[in-house]
Structure formats: structure tokens, C-alpha cells
Amino acid sequence: MERVNGPLLEFTGVTLRFGGVTALDDVSFEVEPGELFAIIGPNGAGKTSIFNCLNGVYRPQRGTITLDGTSLLGRAPAAIAGLGVARTFQNLGLFAHLTLIENLMLGRHHLMHTGFFSGMFWWGRAKREEIAHRAAVEEIVELLELEPYRRMPAGLLPYGVAKRAELGRALAMEPRLLLLDEPVAGMNLEETEDTARYLLEVRRELGLAMILVEHDMSLVMDLADRVLALDFGVVIATGKPSEVQDDPHVIEAYLGGAA
Ligand SMILES: Nc1ncnc2c1ncn2[C@@H]1O[C@H](COP(=O)(O)OP(=O)(O)OP(=O)(O)O)[C@@H](O)[C@H]1O
Ligand SMILES: [Mg+2]
């Protein structure tokens with residue numbers, strides 16, 4: 001059931017433990033529809049664990065997670081993807097031997113009724129579906145300016161382009177909430193600036209909510225509406241980027257990590 005008002009995502013009182021390690025300790029936050037919400041924190045702070053709880057890879061011991069009022073807890077990752085949560089990975093998650101277009105078509109797999117492989121046969125319903133999915137994928141290719149690479153195997157794409165293709169595959173799922181885990185990791189300055197531009201473009205064109213996990217502080221400060229700072233699984237600050245940047249707990253967490 002779709003609710004008209006209220007946050008898109010409610011992540012409330014989540015605690016996640018691995019043996020003696022508390023990866024997330026009573027973590028709460030909300031993401032509004034269309035919001036670009038960033039999560040920062042030193043290595044091992046629990047950022048990726050939040051994503052893994054959100055998309056059903058980890059099952060927290062405590063807390064609730066709801067998308068538009070629907071609980072995500074206890075659902076399989078594929079089911080959560082079907083509810084509209086898409087993610088990109090800290091390391092590239094493309095199929096190297098498939099072309100860029102084929103990788104994007106795979107992103108739409110859960111939206112297809114006839115399935116990817118039967119969809120390759122050109123008759124009847126499968127044909128109509130294939131055409132509709134191709135059109136949706138081509139729109140994303142255009143939005144992310146990936147035309148020159150359409151038929152290239154993903155394994156041969158330059159790094160920055162491959163990261164963009166991965167973003168494209170996540171968008172091909174038509175998510176309501178997109179989880180981006182370090183989208184500019186390993187990129188040079190130019191690629192980073194391009195990515196920032198594409199993320200702003202995606203947001204403007206598609207209006208979906210995003211959670212951005214990123215170590216690049218200038219990117220976070222430029223893009224995010226709000227920022228949550230984590231340290232050792234505990235929320236130490238939430239607020240506007242400028243507020244969080246100046247928060248003494250945040251400064252201490254980063255200086256402590258550097259010392
Ligand atoms: N599957 C797991 N088994 C055991 N411990 C885990 C597992 N996943 C995460 N942890 C632990 O949980 C804590 C948080 O890890 P997480 O990967 O969420 O951090 P992160 O903030 O994403 O770090 P980074 O910036 O290095 O990516 C760490 O202490 C980590 O060792
Ligand atoms: Mg991580």
C-alpha cells in the first residue's frame with residue numbers, strides 16, 4: 001500500500017551484531033521521497049552494513065526497516081529489489097562478457113513477465129515486452145551518455161564508464177530508493193566530477209531517493225541534502241552537510257582515525 005505522506009524509508013533502532021562485534025548500535029534515520037541522503041564515517045563504521053540490512057543480506061537482531069510503510073525485514077534480497085530498492089556495489093558488479101546493453105537489460109529482469117531468455121524470442125507478448133524494456137534501457141543510456149559503449153563487453157569499459165554502467169543497471173530496475181556504495185572510489189578528479197553531474201541529472205530527471213555512502217567529503221558536501229555520520233556503529237550526528245561537517249564528534253571521529 002502506497003502512503004501519500006511520511007518518509008519513504010524508516011530505519012529505526014537497528015542493532016546488528018557479528019559475534020562480539022556490534023556493527024550497528026541502535027541506528028535510526030529516515031529518508032524522504034526524492035531526498036539525497038549521505039552516510040559517512042571512518043572505515044568499519046558500519047556504512048555497508050546499513051545497506052546489507054536494507055536489502056536483506058543481513059538480518060539485524062533488533063529494530064525495524066520499512067519502505068513506504070512496508071516492512072523489509074525477513075525478505076529476500078530479490079524481493080526487496082522488487083519493492084524498489086536498487087544498489088550499486090563497492091566493487092564493480094557487472095557481467096564482464098555481456099555488453100553494456102545486456103547488463104542493463106539484466107537490471108530489468110524482475111520487471112519482466114516473460115523472462116530474459118524467452119524475451120529474446122521475437123514473438124507476441126515477449127516481443128512487445130522486449131521492445132518496451134529496450135526502450136526503457138535506451139532512455140537510461142541516453143541520460144548517462146553511454147551511447148558510444150552500448151555494444152562493448154562490460155569487461156572492456158574504461159573504469160569510470162563501467163561505474164556509470166553499474167549505476168545504469170541499478171536505474172534500469174526503476175527503483176524508488178537507490179543505494180550507492182562509494183560510487184567514486186578509485187576515480188580521478190574528472191571522473192568524480194562527471195559522476196556528481198550524472199547523479200544530479202538522475203535525481204532531477206527521475207526524482208528517486210538515494211542513499212550515498214562515500215569517503216569523498218567534497219562530493220558529499222556538494223550533493224547531499226542531509227548527512228548521517230557513524231562511528232563504531234553509533235550515529236554521532238545527523239543534519240545538513242555544513243552542520244555535520246562542523247560537528248565536534250565528527251571531527252574527533254575522523255582525527256581519531258587518522259592519529
Ligand atoms: N559478514 C561480517 N562478518 C563479521 N563482521 C562483519 C561482517 N560485515 C561487517 N562486519 C564488521 O562490521 C563492522 C562494520 O563493517 P562495514 O563493512 O559495515 O563498515 P564500513 O563503514 O562499510 O567500512 P568501509 O568504509 O571500510 O567500507 C566492521 O567491524 C566489520 O568488520
Ligand atoms: Mg563499506
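The model is predicted.

**The sheet**

Six strands form an open sheet in the order S6-S7-S8-S3-S9-S10. The pairing is mixed. Strands of a sheet pair through backbone hydrogen bonds, either parallel or antiparallel. S6 (85-88) and S10 (234-239) stand at the edges. Each has a single partner strand, so one side of each lacks a neighbour in the sheet. On average, neighbouring strands are turned by 15 degrees against each other, direction ignored.

Valine 85 has leucine 177 of S7 as its bridge partner.

**A helix on the sheet**

Helix H1 packs on this sheet. Its direction makes about 145 degrees with that of S7.

**Around ligand 1**

Which residues surround ligand 1? They are Phe18, Val21, Ala23, Gly41, Asn43, Gly44, Ala45, Gly46, Lys47, Thr48 and Ser49. Strand S2 (21-31) and helix H1 (47-54) each give two or more residues to this shell. H1 gives the most, with 3 residues. By class, the shell has 4 nonpolar, 6 polar and 1 charged residues.

**A covered helix**

Helix H3 spans residues 100-107 and is mostly covered, with 6 of its 8 residues buried. The buried ones are Leu100, Ile101, Asn103, Leu104, Met105 and Gly107.

How values were computed: Residues are numbered from 1 along each chain as its sequence is written. Chains are lettered from A and ligands numbered from 1 in the order in which they are written. This is a predicted model: local features need pLDDT of at least 70, side-chain atom pairs count only at pLDDT 80 or more; totals for chains, interfaces and linings use all residues. A residue is buried if 20 or more other C-beta atoms lie within 10 Å of its own, exposed if 12 or fewer, and partly exposed in between; C-beta atoms are placed from the backbone. Helices (H or I, at least four residues) and strands (E, at least two) are DSSP runs, numbered from the N terminus. A residue is near a molecule or strand if its C-beta atom, placed from the backbone, lies within 6 Å of it. Ala, Val, Leu, Ile, Met, Phe, Trp, Tyr, Cys and Pro count as nonpolar, Asp, Glu, Lys and Arg as charged, and the others, Gly among them, as polar. Two strands pair if DSSP finds at least two bridges between them. Axes are lines fitted to C-alpha atoms, for helices over the stretch in contact, and angles run from 0 to 180 degrees between N-to-C directions. Two residues are in contact if their C-beta atoms, placed from the backbone, lie within 7 Å.
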